[in-house]
Each structure stands twice: as structure tokens, then as C-alpha cells.
Amino acid sequence: MIEVEALTKRYGTFTAVRSLSFSVRPGEVLGLVGPNGAGKTSTLRCLAGIIPPSEGTVRIAGHDLSVDPVAAKRALAFFPDEPRLFEYLTVRQHLTFVARIYGVADYEALAKPLLEELELAEKADVLPGELSRGMKQKLVIACGLLHSPSVMFFDEPLTGLDPLGIRRMKDSIVRRAREGAAVVLSSHLLHLLEEVCTNVLILKKGNKVADGTLAGVAAQFSNGEADVSLEEVFIRATGGSET
Amino acid sequence: MIGALLYLRFTSLLNLVVHRIRRLRQPKYLVGAAVAAAYFYFVLGHRPGTGAAQGIAGVPGFAGDRQIGFAIICSFLCLLGLVRIAYAWISPPEKPGLRFSEPEIAFLFPAPVTRRTLIHYRLLSAQISILFSAILMAFLFNRFGYAGGSRWLHAIGWWVILSTYDLHLNGTNLTLCRLREKSRHFLLWRLGAVAAIAAYVAAVFWCAIGLVEALLSGMGSARSGSEHFMEQILDSPALHWLTLPFRIVFGPYAAAGLGDFAAAMVPALLILAAHYYWVSGTEARFEEGSIALAERRAAIRAAAHRGDIPAMGGAVPKARPGPFPLAPTGVPEMAFLWKNLLSIRSSLFSRRALVLFLIVMTSMFIGPLFSAHASSVGSDAMRKLVVALCGMFAAYTILVGPQLARQDLRNDLPNADILKTYPMEGWRIALGELLAPTAILTAILWFLLLASASVLDAGEGAEWLTKGVRLTAVACLGLAAPLVCLIQLIVPNWIMVLMPGWYQASRSRVGGIETFGQRLMFGVIQLLFALAVIVPAAGAAWLIIFSSQWVIGVGPAVVLATLVVLPILAGEAAFGLWWLGERFEKFDLSTESR
């Protein structure tokens, strides 16, 4: 579903991501972790087609992102860490706009349960300026889920959500993965990754340090110890520093 | 304590100056500063045809006209000031307050300082912008030659005027604040103040009109005494006393020489001191009003930074129904048109008022076009004036309109990441984004075309301008208008994706002369582009019409020229959109800000 081969992203002379390869199959949730500046956001932005990679290929739902970007983008949804919304569109108008962009003919039937699930139904006719940060985040999620994407990229998805919202978001990610979506999730909240992810990919200075199932990566850095937490694995894998 | 506050103000100013100087190391700011400096030197600083210092009445033959012009400008400024003060009394904010920035409120309001100290801080803070404005005004007014004399004396004169005005406005706000807080008859006080201002303006107007009529009827052939015309009006007993406060405040600026200036400064400074006493002695709780004012100003600044036209008074946007029903399927570009039309601020354009205006204007202009008596619309002079005004406004719409109508990629810059995840080619996103401003500018051009055509007539020497030719020309130009607008709108969007660093700096309203220079350059680029794209097409059209009209007639010649020019314009627009889309797909704002 997501196939990445030798992905490299350079900004001038600075290499943010170096020859990264991995794949995520339907039903899998990949946790992308690494210290600040490891290249997580650059990787996610390349995968979502926001910025072109300097080298390498990205295939989304069988479509090469550089060859057929429109078909690839039709299958994906990107959820940024900062909710980016149109100031003059109400919650309902956001969904109308997104439905037209993706050509979702029955969007009204889809939008209603989505708004109720995300507790936005009562706020359907208000502007983003009147929403809390958590509600804005939920609106971004509603817009992203409207076209039933088979590939989803989350950049720090829990920022700004209340405890109940966090629980629902985690359940939602797991449910959609079970329904066959391939999910990549970038977060510093390692306990979230432990709860939600089936696989983990650790980055440091743009290089892949570890990649595999949670149990596999834990075994790689456990030094023979039993029940090593992801936090301990992360610290050992990254050397305990940002640089 | 005031020392600490002054330290804050002057350190901030010094850091700002140092920051501005340091950033000149970046070429975009250095070039902008150079362009702005050249503009100020050649356009504002240079006053052709003047040499030594001259007083207002110092130029024989022109003194009377200058004095009249000077008096008109001063009267206009006084009227503006009165209107602003009357507005403060007519529509005071819920919580009147003084102007502080949000950081000033955060640091100073909880600090152990008295209200009086805060007022003094506010007054001293305002002096920085007043001094800058005074120097700028002295240069500006010298440029137009209404008042000769030393620029520095004029700058001091402007300082007196602006400081008195600032103190008066602060005094009014504090008084309103105190009245709202203490008086049960707040409304009566306001009504009284507004009535007093209205009575004063009426009295001045009544005296001035009466005197002007009397003087004009009495002068007759004695027009040579025009240099004393204003003196005679202003020296009449009633007007002398009515305008005395303003005359005193404007005295130092109007002084012809150093002696007059010194003499005029004494009463002007007394009035300034009286204002200071009024402001510093008014006990009022201005904190809440100041916080509300700072929040409104921050909202306006934020809107300006995003590139929006700030709403009047920083009003919060309201939810509105879409401009038309948007079906969930169909070409996605229409979704952008729908979204961007929604973003037009209702506070500036009431759609109902706009529709009413268009109906009235259209019925006024279009009706005669289809009537058999087109010549009955006004006199020849009036028709020429309407056509000239329409032409000027059309040129303004084509050249400046794209800088004002920004409901396109420029407004959506913060959402660029989201736009790029949409399943659309870059050129289609660009086209969708440009549809709304294109529609707005095209509508304006169509209206102007119809207005011009309705008043033009096949008069003497222009018998060829028949109704048929006019209708054909309007239809052909109307077809070209959206393409011209689209091409012109592509230019600033190109600049945005090519040089986002420059663009970001130029859209900010906290720039300084460097960003003024950058805006000037962008304006010139827009003009040059218009010349490069539109002038050749217009030239080709003219050539075709001129050469073929003898054979096929004017109307068909216009159609032929349009058939040739339209594909050229469409090709240019298509290339521009394709290239803009390509650039947008590769565009990464995060790379630009590294």
C-alpha cells in the first residue's frame, strides 16, 4: 500500500532524509519516531506529495507519486500537526469544499456520522475562529476522512486533544487500520505508539536506525532484557541525544 | 519609574533600528531600501523650481493662490480632525481606552506603576511616531509647494499640530471613559458634545459662505486683490474668533520666517500645555478599554499579515451562506471559486448594497444604450468626462486591481501544504485559486465597458461610432477582459511562488522603507508585465482594425481583431497557469524560510 524506496530529501547542502526504504501494508500502523530534526516531518511531507523528494520513489496504493500524483493523492489523507483551516468557511462548508475536491457524491450521508463521531455536529455552522484547537484538529480529521482514504499520514495527531479526544483518536486509527487502511503516524508520544502501532521506524539524522514490528525492534535493542519499553528502546537506538 | 518605561521605549526603538540596519545585509532588503530612498529623494525630497526659503506670501503673483490652497488644506485637515473627534463622541467603544500594544499591556498593567505614569508613557510613546510623521509631512507638503520656508520649521509646526491632536484625542477618550464610569447621563453628555461640534461647524460654514459671497460680488474686476482674499475672510470678526484655536495651532507651521515662527510658538505651546494638563489630570479607569483596543489592533495586524484586507474596526468574521450552491461532483476548480468568493469580507462589501448599486448604475447607463435617444444622456462634456473616468478606472483595475484582489494563492499561502495534498494538477489548483479575483476584476471591467459604451455617441467627427459598432466593441472587449485580468493576476502569484521571501516581507505591515521599496518594485514589475503582454496585443488589434476597416467596415474589423488577439491572450494565460502550477508543485515554504 505504501512503498518507499531510497527516499532522499535535501535542502541545499543539508540532507534531511537519506536513502530511506520501507513499506506499510494494509492494516498496518507504522510509528515514525526520532529525535527533533531526525527528518520525520520531511519524510511525511514527501510521502504526502507536499514536497518532491530529491531522490527515490514513493508508491501510494500502487501509484508512483512522481508519475501519477493525482491518482496517488486521491487515495491518501495527510493530517498536519497544526490544524490548517480556511478562516471564512464553517465546519459544514469545509466538508462541502473537500467533497467537491475529491468528488465525494454522497458526502452528506458520510459527513453526518463523521461529525457526530468527532463531536462536531453542534458546531457545524460555526467558523474555525470560534473553535478550540482540539475542535479544529477534529475538523481537519473529518475533512481528511471524508473521502475514505486507504492511506493516512498523521503528524503528531494528538496535539491539542482532550483525554476523551485522545482515546477516540487512538480507537479511530486502530479501527481504520483494521478496515484495511495503511497508516503512518509520527509522534513523540511513545506510549501512543506502543498502544496503536504494529510497526515502528526509528530515524536519526535522516538515517533509518531501526525498522520492524514493535517486538522485533524491542528485541534488537533489549540486550537480552525482558519487557523493555519503547521509551528505553528509543533512547538506546538514538544514543539518548538529539544529535 | 518613568525612566524604566522610557528605557523600554528607547531600547525597543534602538533595537528596531539596529535590526533594520542589520537586515540590509540581505539583498532583498538592501535593494528595497535603495529603491525607496531613490523614490523619496527624487519624488518627495526634490522640489523643482524653488531655491531659498520663502514664506507663504513671499512669491509675487502666486502668493494669493498659494494662500488659498494652504487655507483649503488646513481647513480640510481641521475638518478631518473634527470629524474624528465627533466620531469618538457619536460612537464610543463599549470600553473607551488608550492605545497600548499587547506586550505593553502584559508587562506594564500588572507592574507597580500608577495610571498617571501609564498615561505619560503613552504620550511619550506616541511622540516617536509623531516626530516621524512631522518630518514626513514637512517633506510631503514642501513637495507640493503650498508653503515655502524652512523644512525644519515646518516639521516643528507639524509636530505642534500632531501633538495637540494626539493629546486632544487621548483627552476625549479619557473623558469618555470617565463619563461612562461615573456619570448617569453619559448619553446626554455625548449628545451635548456632538451638538456643540455640529453647531461650531455650522457657524463656521455659515460665516464663511456669507463672506465669500459678499467678497466675490464686491470684488468684481478687483480680482487682483486675490492675495488678500483669504486674509479678508479670516480677519472678519466672527470667523476670526471661531477659527482662533485652529489658527493658533497652525500658526508655527504657517509662519513665514524665524521671527514669526517664534511669536506663533508661544500661544501654540500654551494650547499644547493646556491639553497636556487636561489629559494628565483626568482620572479614569482605561485598562479594560485599552485591552479591548489592543486586541482589535492585533486582529487587524494579523489580518494584514495574512494578506487580507483588514475588516473595519477589526471585526470578527461571520459565518455566511455560500455564494452559490456547490454540488459535490464536477470540476474541482469551482470549489476554489466558491471558497474564495466566500472569503470576501462582508464588512467591506455588503452584497445587498453592491447588487443595488450595480442595478441602479446599470439602469442609468445601459438603458440609454438600447434606447433610440442615446444622445439625450447628458451633455457632450459630461459624456467625455464619464468615458475618461471609466478609462482611468479600468486602467486602475487592470494595473492595481491584482494587488488588491488577493483571494487567490496569496491568501492561501499558510494552507499551501494542504492544497498540495489535493488530487489535482498544479495548474488546476492555480486556475481554481485565480477564478475569484478574475471574476471580481472582470465584473468591474464589464461594468465600465457598458457605462462607457452607453454614453458614447456617434457625434460630429465620429459618425462611424454607431450603436452596432459600440455593441460589437463592448462584446469583443468583454471577451478579452477575463483573460487580461487572469494574466495580470498570474504576475503577483508568480512573484509569490518564485520569491516567497520577498513576498512575505512585502505583505507584512511592519516593514519600514525597505518593504515600501519592495512594494514599489512589485508595482513596477506588474506595470512592465502589463505593458509587455497587453500592449503588443492591443497594438496588433489596432493595426488589424485600422487596415481592414476600409474593406470590411469597422464592426467586422473589430471582430476580426478580436479573433486574432483572443487566442494570443488565451495562450499567454494558459502558459502562465501551467508555469505557475509547475512552480507551485515544487514550492516549499519551509525551504524558503531556512
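The model is predicted: local features need pLDDT of at least 70, side-chain atom pairs count only at pLDDT 80 or more, and totals for chains, interfaces and linings use all residues. Residues are numbered from 1 along each chain as its sequence is written, while chains are lettered from A and ligands numbered from 1 in the order in which they are written.

Start with chain A. It has nine helices and ten strands. Both are DSSP runs numbered from the N terminus: helices are H or I with at least four residues, strands are E with at least two. The C-alpha trace of chain A spans about 55 × 40 × 30 Å along its principal axes. Its radius of gyration is 18 Å, which agrees with the value near 18 Å for a compact globule of 243 residues. That radius is taken over C-alpha atoms, and the globule rule is 2.2 Å times the number of residues to the power 0.38.

Chain A is divided in two. Domain 1 covers 2-75 + 151-238, and domain 2 covers 85-148. These bounds come from an automatic or database domain assignment. Over C-alpha atoms, the centres of the two domains of chain A are 25 Å apart. Six residues of domain 1 are in contact with five residues of domain 2. Contact requires C-beta atoms, placed from the backbone, to lie within 7 Å.

Now turn to the two chains. Their contact takes 32 residues from chain A and 28 residues from chain B. On the chain B side, helix H13 (333-342) and helix H17 (416-420) each supply at least two residues. H13(B) gives the most, with four residues. By class, this side of chain B has 14 nonpolar, seven polar and seven charged residues. Ala, Val, Leu, Ile, Met, Phe, Trp, Tyr, Cys and Pro count as nonpolar, Asp, Glu, Lys and Arg as charged, and the others, Gly among them, as polar.

Finally, look inside chain B. Helix H18 (residues 426-455) and helix H19 (residues 467-498) pack at an angle of about 150 degrees, with axes 8 Å apart. The axes are lines fitted to C-alpha atoms over the stretch in contact, and angles run from 0 to 180 degrees between N-to-C directions. H18(B) and H19(B) are therefore roughly antiparallel, a term for angles over 145 degrees. Residues of H18(B) in this contact include Leu434(B), Trp446(B) and Ala453(B). Among those they meet in H19(B) are Arg470(B), Cys485(B) and Asn493(B). The contact has 16 nonpolar, four polar and one charged residues.

Methods
Parallel < 35°, antiparallel > 145°, perpendicular 65-115°, else oblique. Contact = placed C-beta atoms within 7 Å.
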